[in-house]
Amino acid sequence: MNFDLSEDQAMLKDTAERLFAQAAGDSSGDLWARMAELGLLAAPFAEEDGGLGLGPVETMILAEAAGRAQVLTPYASVIAAAGTALRLATTPPSALISGLAGGEVRLAWAHEELGMPSDQARRTRARSTGDGWIVTGRKINVAHAADAARLAVTVTIDGGQLVLLIPSDARGVSRRDYQLFDGTPASEISFYEVTAEASAVLASGGEAIVLMERVREHLTAFRAAEAVGLMQALLDATLEHLKTRRQFGEPLASFQALRHKAADMLVALEQARSMAMLAALSVEDADQEERRKTLAQVRSVVGKSCKLVGQTAVQLHGGIGVTEEHPVGRGFRQLTLIDLEMERG
Amino acid sequence: MDLSFSPEDIAFRDQVRAFVAQNLSPDTRRKVEQGRALDKADVVEWQRTLNRVGWATPSWPASAGGPGWSAVQRYIFMDELYAACAPEPLSFNVSMIGPVLIAYGSDAQKARFLKATANLDIWWAQGFSEPGAGSDLAALSATAVRDGDYYVVNGQKLWQGMAHRADWMFTLVRTDPKAAKKQGGISFLLIDLKSPGVTIRPIITIDGRHEVNEVFLDDVRVPVGDRVGEENQGWTYAKYLLSNERTGIARIGMTRRILARVADALASVEAGLTEAAQARHAVEATAIEAELRALEITQLRVLAAQQAGQTDPRSSILKIKGVELRQAASELLLRVVGPAGYAFAYEGQGEAPSEAASNYFTLRAASIYGGASEVQKNIIASSVLGL
Ligand SMILES: Cc1cc2nc3c(=O)[nH]c(=O)nc-3n(C[C@H](O)[C@H](O)[C@H](O)COP(=O)(O)OP(=O)(O)OC[C@H]3O[C@@H](n4cnc5c(N)ncnc54)[C@H](O)[C@@H]3O)c2cc1C
């Protein structure tokens with residue numbers, strides 16, 4: 001048993017933390033381009049596809065660092081979700097993967113639909129034309145869709161399901177942009193009689209169902225680690241606040257009621273950290289049943305921790321904790337979204 | 001022991017219900033029902049509608065132009081407003097400054113302000129908190145220095161709700177920095193927000209809305225006649241104001257309204273809940289409902305005691321539990337609405353499809369203002385439990 005990072009992993013952590021800290025201070029630079037330059041986008045992909053062949057632990061390190069700095073990167077949507085869909089496709093599209101890994105092309109994961117639990121067959125439908133598909137339906141909350149050249153879309157067909165790639169500018173695709181409450185740019189995307197070639201299919205039938213589940217699992221693992229980083233950031237900020245803010249002639253840290261709440265935050269954070277590690281170490285597990293059970297447990301613990309740490313951080317900050325300007329307020333909204341995602345699965 | 005209302009109370013309730021049904025604008029009703037922000041005009045119009053029949057100031061005695069209702073009638077009135085999705089009368093005016101002026105204001109102040117306060121011709125802001133004085137309000141450091149018939153006021157106030165809509169602000173300032181106790185040496189001033197030297201800056205909160213502000217006071221000249229009561233006795237008036245603020249703080253009707261939205265959302269196809277999640281959330285709603293029922297009775301017990309002329313530190317129970325349940329209901333709504341409620345709109349940038357998230361974020365502040373929950377527990381521990 002060993003919970004230590006290897007030398008390379010420690011270096012990666014250092015690189016990522018420095019990059020994200022810089023990006024948090026100055027949002028003008030193109031973070032995505034910097035991430036590509038440093039090879040971070042290539043991390044999970046096979047070397048023959050232009051990747052670095054790294055594993056879920058490296059992804060966990062990146063996610064946690066992003067959370068810690070409270071930067072909103074498209075990494076979850078582009079690499080952890082859409083990237084997984086490419087990587088685990090029946091025939092991984094090598095050229096596209098290398099474009100993704102190099103930062104030249106972005107994708108988005110278009111799965112969520114209004115009124116649909118995430119593990120059920122989609123209402124977006126495709127009908128066969130013999131040598132391709134015609135897709136009609138609507139997706140919501142597609143993160144970072146505006147910058148995506150292609151969309152990885154989940155659809156239902158007669159007798160099964162598909163995951164297929166549709167160019168964002170294909171005829172019949174329309175987009176309405178908005179923001180999620182954590183600040184992520186997202187879109188509602190409508191598909192009306194959109195034509196897709198047979199070669200656009202990443203997986204079909206039973207393989208499509210498995211692929212969707214794998215994507216959700218990788219998203220869970222990523223978001224769990226991101227949440228750990230966020231919770232650490234909020235705990236750090238709260239401790240600093242308790243030590244410096246004075247009321248009734250004493251630092252808040254002298255009030256036992258608040259000391260206990262800070263201790264509760266740490267307990268919740270450490271439980272979540274354990275689960276983020278477990279998620280990383282299980283997400284490539286070959287035993288589907290075991291994986292499913294583990295990731296459900298990860299979601300349960302991480303969701304609860306997000307709630308406790310987020311709500312407590314705001315409460316202990318008092319009024320400034322509910323301001324848009326303060327990182328704790330924003331971090332709380334980020335944790336709230338992860339909590340809801342964890343609950344939905 | 002008898003839980004039922006008297007026939008007179010029931011007749012009163014029916015009268016209120018009919019009035020609200022006839023007079024509340026459908027637009028305002030919809031906004032309140034969905035938890036959307038109200039425009040200034042919505043609040044003013046409703047307050048004036050109520051004021052036309054003398055109902056805008058439920059807690060004011062008849063001698064001060066109020067309806068002179070009993071505590072039970074006030075409770076029934078507020079309950080009907082909540083149930084009908086009507087706004088509350090503006091609390092800064094009606095629950096905070098009005099009663100202070102009635103109890104401690106000069107005749108000139110009463111003549112000048114009470115009618116205009118009831119009719120919302122003047123919108124008041126509460127200028128108590130400061131950067132260094134939150135829970136520890138008595139630590140406030142804004143100063144007022146006497147200069148002939150004026151005070152010259154300097155300092156910064158923080159968190160003034162709706163000050164950007166307000167005409168006047170009631171505020172606490174330090175007039176005797178050398179007082180032995182920090183609660184001494186504080187005076188209660190009324191400040192015309194149009195005075196030179198007043199700067200109001202917006203603060204956007206995590207619900208995306210603009211409700212609170214910072215108010216900077218730079219050499220603001222305030223006539224001595226705009227001081228309430230005695231110089232250096234402001235703390236007494238402030239404590240009176242805060243105790244009034246806390247009555248009715250349980251806001252049971254508001255929580256019921258959120259639960260009604262939960263029930264709607266649970267029945268909606270847009271929620272996209274698994275059967276297991278739907279069942280779990282229904283159980284959670286039932287549990288909140290049960291606690292709410294208990295709190296309702298607790299509130300009536302506290303009211304009955306007040307009726308008999310006692311003050312009751314148990315009002316801290318109402319604040320703590322009332323907020324906890326409102327927060328729980330809003331969290332449940334957020335969970336039930338789910339992905340349909342992830343979209344977010346800042347005030348003035350269009351309507352989000354659902355206000356579930358925004359309302360949840362708004363309500364996080366409810367355990368911070370009006371006496372933070374931790375501070376309420378300290379009050380219970382010392383004043384109720386004698387620890
Ligand atoms: C949305 C909103 C609207 C507001 N509207 C107004 C308004 O209109 N006018 C106005 O004057 N003010 C207003 N306030 C200010 C409000 O009254 C203060 O926020 C409140 O008094 C808490 O002070 P604080 O924010 O400085 O937090 P702090 O007092 O710094 O408290 C921070 C944390 O420490 C805890 N704490 C403090 N003391 C103790 C203790 N002794 N023991 C244990 N725990 C303790 C608190 O409970 C809290 O969790 C508003 C605030 C908000 C958020």
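Visitor: Is A:Asp158 buried or exposed, and how do I read that?

Guide: Relative accessibility is the number to look at. In this predicted model, A:Asp158 comes out at 69%, so it counts as exposed, the cut-off being over 50%.

Visitor: Which residue does the side chain of A:Asp158 meet in a salt bridge?

Guide: That partner is A:Arg125, with 3.2 Å from N to O. The two sit in distant parts of the chain: A:Asp158 belongs to the loop between strands S4 (150–157) and S5 (160–167) of chain A, while A:Arg125 belongs to strand S2 (residues 125–128), and 33 residues separate them. A:Arg125 has 40% relative accessibility, so it is classed as partly exposed.

Visitor: Let's move to chain B. Is B:Lys31 buried or exposed?

Guide: B:Lys31 is buried, with a relative accessible area of 10%. Its side chain forms a salt bridge with B:Asp39, where the closest N and O atoms are 3.3 Å apart. B:Asp39 itself is partly exposed, at 43%.

Visitor: Which residues do salt bridges with shared partners join into one network?

Guide: The network takes in A:Lys307, A:Asp339 and A:Glu343 from chain A, along with B:Arg280, B:Glu331 and B:Arg335 from chain B. Over all chains, the count of salt bridges is 47.

Visitor: Now for helices. How are two packed helices described?

Guide: By two quantities, the angle between their axes and the distance between the axes. For a case, take helix H4 (residues 75–87) and helix H5 (residues 94–102) of chain A: their axes come within 10 Å and cross at roughly 160°. An angle over 145 degrees counts as roughly antiparallel, and therefore H4(A) and H5(A) fall in that class. Their crossing is left-handed.

Visitor: Which residues of H4(A) and H5(A) meet?

Guide: From H4(A) come A:Val78, A:Ile79, A:Gly83, A:Leu86 and A:Arg87, and from H5(A) come A:Leu96, A:Ile97 and A:Leu100. Sorted by class, the contact holds six nonpolar residues, one polar and one charged.

Visitor: At what angle do helices H10 and H11 of chain B cross?

Guide: The axes of H10 (residues 315–337) and H11 (residues 356–364) cross at roughly 155° and come within 9 Å. That angle makes H10(B) roughly antiparallel to H11(B). The crossing here is left-handed. On the H10(B) side the contact is made by B:Arg326, B:Gln327, B:Ser330, B:Glu331, B:Leu333, B:Leu334 and B:Val337, and on the H11(B) side by B:Ala356, B:Ala357, B:Asn359, B:Tyr360, B:Leu363 and B:Arg364. Seven of these residues are nonpolar, three polar and three charged. One of them, B:Glu331, also belongs to the salt-bridge network.

Visitor: How many residues of H11(B) are buried, and what covers them?

Guide: Eight of its nine residues are buried, so to read H11(B), think of a mostly covered helix. The buried set is B:Ala356, B:Ala357, B:Ser358, B:Asn359, B:Tyr360, B:Phe361, B:Leu363 and B:Arg364. The cover includes helices H8 (288–317) and H9 (327–344) of chain A, and from chain B helices H2 (26–34), H8 (252–267) and H10 with strand S9 (343–344).

Visitor: Where does A:Thr323 lie, and what does it touch?

Guide: A:Thr323 is in the loop between H8 and H9 of chain A. With 7% relative accessibility, A:Thr323 counts as buried. Leaving out residues up to four places away in sequence, A:Thr323 touches A:Gly329 as well as B:Trp159, B:Ile203, B:Ile204, B:Thr205 and B:Ile206.

Visitor: And where is B:Gly229?

Guide: B:Gly229 sits in the loop between strand S8 (227–228) and helix H7 (234–246) of chain B. B:Gly229 is partly exposed, at 22%. Apart from neighbours within four places in sequence, B:Gly229 is in contact with B:Tyr104 and B:Tyr237.

Key. Residues are numbered from 1 along each chain as its sequence is written. Chains are lettered from A and ligands numbered from 1 in the order in which they are written. This is a predicted model: local features need pLDDT of at least 70, side-chain atom pairs count only at pLDDT 80 or more; totals for chains, interfaces and linings use all residues. Side-chain values use heavy atoms; hydrogens and water are left out. Axes are lines fitted to C-alpha atoms, for helices over the stretch in contact, and angles run from 0 to 180 degrees between N-to-C directions. Helices (H or I, at least four residues) and strands (E, at least two) are DSSP runs, numbered from the N terminus. Angles under 35 degrees count as roughly parallel, over 145 as roughly antiparallel, 65 to 115 as roughly perpendicular and the rest as oblique. A crossing is left-handed if the near helix is turned anticlockwise from the far one by less than a right angle, and right-handed if clockwise. Contact means heavy atoms within 4.5 Å. Ala, Val, Leu, Ile, Met, Phe, Trp, Tyr, Cys and Pro count as nonpolar, Asp, Glu, Lys and Arg as charged, and the others, Gly among them, as polar. A salt bridge is a side-chain nitrogen of Lys or Arg within 4 Å of a carboxyl oxygen of Asp or Glu. Buried means under 20% relative accessible area, exposed over 50%, partly exposed in between (1.4 Å probe, protein chains only).
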